[in-house]
Amino acid sequence: MSEKQGLTVIVKTVTRAILPVIFLYGFYIILHGHLSPGGGFGGGVVLALAFLSVMLAYGRPTAQKWLNIRILHDVESSGPLLFLAVGLLGLAAGGAFLLNVLGKGRLFNLWSSGFILPLNIIIGVKVGLSLFLAVWALTEWDPEKGDDT
Amino acid sequence: MPVDIWLIFLLSFMILGSIVALEIKDILSSIVAIGVVGLAVSTAFLILQAPDLAIVQFLFEIFALIILVRAFIRKDYHQLEPARLGRLTAALTALTLIAVFAFSVHAFKGLPEFGRPTLATAQYYLDHAGQQVKSANIVSAVVLDYRAYDTLGEVTVLFTAILGTFTILRVRKAKKEGGEK
């Protein structure tokens, strides 16, 4: 059943082999956003493309079985709220909104620059999931079959 | 080779790509030609030493290509008749373009040299970001520390856009279910 959906077995095998590497690259770009070029937006798009490659290679129904779209929706929608919460943390510490109150650490360390790392993670997850879910919503309607999907 | 020559090469590449995208009959080739333009922009950012922008532009270009292919590949949009331009309209368009070009040549000559006098704000970020934010990537420091409020706005924009997409696509579903009942 899953053999007939999606693309050929070559594409499926290559996708399965390369998918962890794509995810690793996406997480690397997000986590090192304050050290090297990249950050939440770029890494998020990499994550979205990884999800998309699953959808393209294995077909929509199989991807729907693997991924819990409802949970992805909830995580995606909570992104701005988490961002706001991080901002309010600065307010709660007695400073201004979005004040960087976390420990700054040392320059060039992974644990440096306070809020930038958590904010990058929030933005990365948010961007990745929203781009993927946008494509997911757009492919819900098949132009060939018209309105009956 | 100096940066300017690379940029001129890339710009002519982009103009060629857009001409090909407009003139070619096959819709898939047209989409690929649009992709050439985006990748040239990404390379231009790389040459101008803006790797953050280059990465985002490159990835979004791939993403946009996938959406474009998904949206247009099944429909025969290449059957559309090309628009016919009257002789007067064509002449007027050409004249306007020449006027704009002449004016912009004049305007660009008055601009300062590229990136030469660093803005006061940019100089402040360059001097203090390492000590104040402890972020090795100064772009990150500006986006997520000095200007984090703007980024919150961007995230909100993205959230609203996705919300709109889902709302529009959900209306169709609800209508269909109502019709079946």
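At what angle do the axes of helix 5 and helix 6 of chain B cross? They cross at roughly 90°, and the axes come within 10 Å. Axes here are lines fitted to C-alpha atoms, for helices over the stretch in contact, and angles run from 0 to 180 degrees between N-to-C directions. Helix 5 of chain B and helix 6 of chain B are therefore roughly perpendicular to each other. The cut-offs are these: under 35 degrees is roughly parallel, over 145 roughly antiparallel, 65 to 115 roughly perpendicular, and the rest oblique.

This is a predicted model, in which local features need pLDDT of at least 70, side-chain atom pairs count only at pLDDT 80 or more, and totals for chains, interfaces and linings use all residues. Residues are numbered from 1 along each chain as its sequence is written, while chains are lettered from A and ligands numbered from 1 in the order in which they are written.

Stay with that helix pair in chain B. B:Tyr125, B:Leu126 and B:Ala129 of helix 5 meet B:Ile138, B:Ala141, B:Val142 and B:Tyr146 of helix 6. Two residues are in contact if their C-beta atoms, placed from the backbone, lie within 7 Å. By class, this contact of helix 5 with helix 6 of chain B has 7 nonpolar, no polar and no charged residues. Nonpolar covers Ala, Val, Leu, Ile, Met, Phe, Trp, Tyr, Cys and Pro; charged covers Asp, Glu, Lys and Arg; the others, Gly among them, count as polar.

The loop between helix 5 (120–132) and helix 6 of chain B holds B:Lys134. Phi of B:Lys134 is near 60°, a positive value in a residue other than glycine. Most residues other than glycine have a negative phi. B:Lys134 is buried, with 23 other C-beta atoms within 10 Å. A residue is buried with 20 or more other C-beta atoms within 10 Å of its own, exposed with 12 or fewer, and partly exposed in between; the C-beta atoms are placed from the backbone.

B:Gln49 also has a phi near 60°, again a positive value in a residue other than glycine. B:Gln49 sits in the loop between helix 2 (27–47) and helix 3 of chain B. Is B:Gln49 buried or exposed? B:Gln49 counts as exposed, because 10 C-beta neighbours lie inside 10 Å.

Now take chain B as a whole. It has 7 helices and 0 strands. Helices (H or I, at least four residues) and strands (E, at least two) are DSSP runs, numbered from the N terminus. Along the sequence the pattern reads α-α-α-α-α-α-α. Of the 181 residues of chain B, 15% count as buried. Among contacts in chain B between residues at least 6 apart in sequence, 39% join residues at least 24 apart.

Helix 4 (residues 87–109) of chain B is hardly covered: among its 23 residues, the count of buried ones is 0. From first C-alpha to last, helix 4 of chain B reaches 33 Å, close to the 33 Å expected at 1.5 Å a residue. That expected span is 1.5 Å times one less than the number of residues.

Next, the two chains together. Their contact takes 46 residues from chain A and 35 residues from chain B. On the side of chain A that touches chain B, helix 2, helix 4 (69–92) and helix 5 of chain A each give two or more residues. Helix 5 of chain A has the largest share, 12 residues. By class, this side of chain A has 25 nonpolar, 15 polar and 6 charged residues.

One cross-chain pair is helix 2 (residues 40–58) of chain A with helix 3 (residues 51–72) of chain B. They pack at an angle of about 30°, with their axes 9 Å apart. That makes helix 2 of chain A roughly parallel to helix 3 of chain B. The contact includes A:Phe41, A:Val45 and A:Leu49 from helix 2 of chain A, and B:Ile55, B:Leu59 and B:Phe63 from helix 3 of chain B. By class, this contact has 13 nonpolar, 1 polar and no charged residues.

Helix 5 of chain A and helix 6 (residues 138–146) of chain B cross at roughly 85°, and their axes come within 10 Å. That makes helix 5 of chain A roughly perpendicular to helix 6 of chain B. A:Ile116, A:Leu119 and A:Asn120 of helix 5 of chain A make the contact with B:Ser140, B:Ala141, B:Leu144 and B:Asp145 of helix 6 of chain B. These residues divide into 4 nonpolar, 2 polar and 1 charged.
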